[in-house]
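Here is a brief report on one protein chain.

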Amino acid sequence: MNNTHDKYAWKIPSDPIKYEDLPLLDVKGEYYHFDVQEIDTLKLIENNEFLNWLFARHHFRSGIVKMDPFKIYDWHEDVGADKTNRGVCINALISPSPSLVMWSDNLRNLQSQGGGSFQADIVPFQYELNELYLFNPSIMHSVYNFEKPRLLFSLQFEEAYEDLKYEELLNEIKNEYIG
């Protein structure tokens, strides 16, 4: 299930991200209906070659996003005035919690979304534990979590969708970081 087309998510060749190694800050809050805990980003990048390389080019904040068991995060895209307006993010599942992300390119064709169809195509995705993924939040997606709390390491770039898009960063990593 992890052979998701590069259009949706892409596994970044880097050191794994492990919960016990994260420099957590005593800053907690809520972010778009998730409980979050901030990470000391400057300490984080000291010990990760890829994140250090990335931060030199695109500043970001990092944190842990928690999703409770047996929850769904509704279909959405992160682009828009009333949303995060991010065109790309980087995530890593850091808890062994069974969960699933689904993307759909034609969700708006459903009757519940104002279209005329009862079915839409989906693209399922499961994170590999502790592995970094470039994630495309500008396509409709949803998250399904099962019997354990889901902890997700996540980066949010200072640049908005208009200034940094998924495809641009994917190409930059492939061409400049990997070479």
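## Fold and cores

The protein chain holds three helices and eleven strands. The model is a predicted one. From the N terminus, the elements run β-β-β-α-α-β-β-β-β-β-β-β-β-α. The radius of gyration is 16 Å, close to the 16 Å that the globule rule gives for 179 residues, so the protein chain is as compact as a globular protein of that length.

Some whole-chain values follow.

| Property of the protein chain | Value |
|---|---|
| Accessible surface | about 9500 Å² |
| Carbon and sulfur share of that surface | 48% |
| Buried share of the 179 residues | 47% |

Among contacts with a separation of 6 or more, 79% join residues 24 or more positions apart.

The largest nonpolar core has 29 residues. F50, L51, L54, I90, L132, L134 and F153 touch the most other members. Two or more residues each come from α1 (41–46), α2 (49–57), β4 (60–67), β6 (89–93), β11 (150–157) and α3 (166–178). The most come from α2, which gives five. Beyond its neighbours within four places in sequence, L54 contacts F60, I90, L155, F157 and L169. Another core lies apart, with 18 residues, among them Y73, W103, I139 and V143.

Now α3. This helix has 13 residues and reaches 17 Å from first C-alpha to last, close to the 18 Å expected. Its buried residues are Y166, L169, L170, E172 and I173. Their cover includes β1 (9–11), α2, β9 (133–135) and β11. After α3 comes G179, with a positive phi near 80°.

Methods: Residues are numbered from 1 along each chain as its sequence is written. This is a predicted model: local features need pLDDT of at least 70, side-chain atom pairs count only at pLDDT 80 or more; totals for chains, interfaces and linings use all residues. Side-chain values use heavy atoms; hydrogens and water are left out. A nonpolar core is a set of buried Ala, Val, Leu, Ile, Met, Phe, Trp, Tyr and Cys residues joined through side-chain atoms within 4.5 Å. Buried means under 20% relative accessible area, exposed over 50%, partly exposed in between (1.4 Å probe, protein chains only). Helices (H or I, at least four residues) and strands (E, at least two) are DSSP runs, numbered from the N terminus. Contact means heavy atoms within 4.5 Å. The expected span of a helix is 1.5 Å times one less than its number of residues. The radius of gyration is taken over C-alpha atoms; the globule rule is 2.2 Å times the number of residues to the power 0.38. Accessible areas come from the Shrake-Rupley method with a 1.4 Å probe; for residues, only the protein chains shown count as cover.
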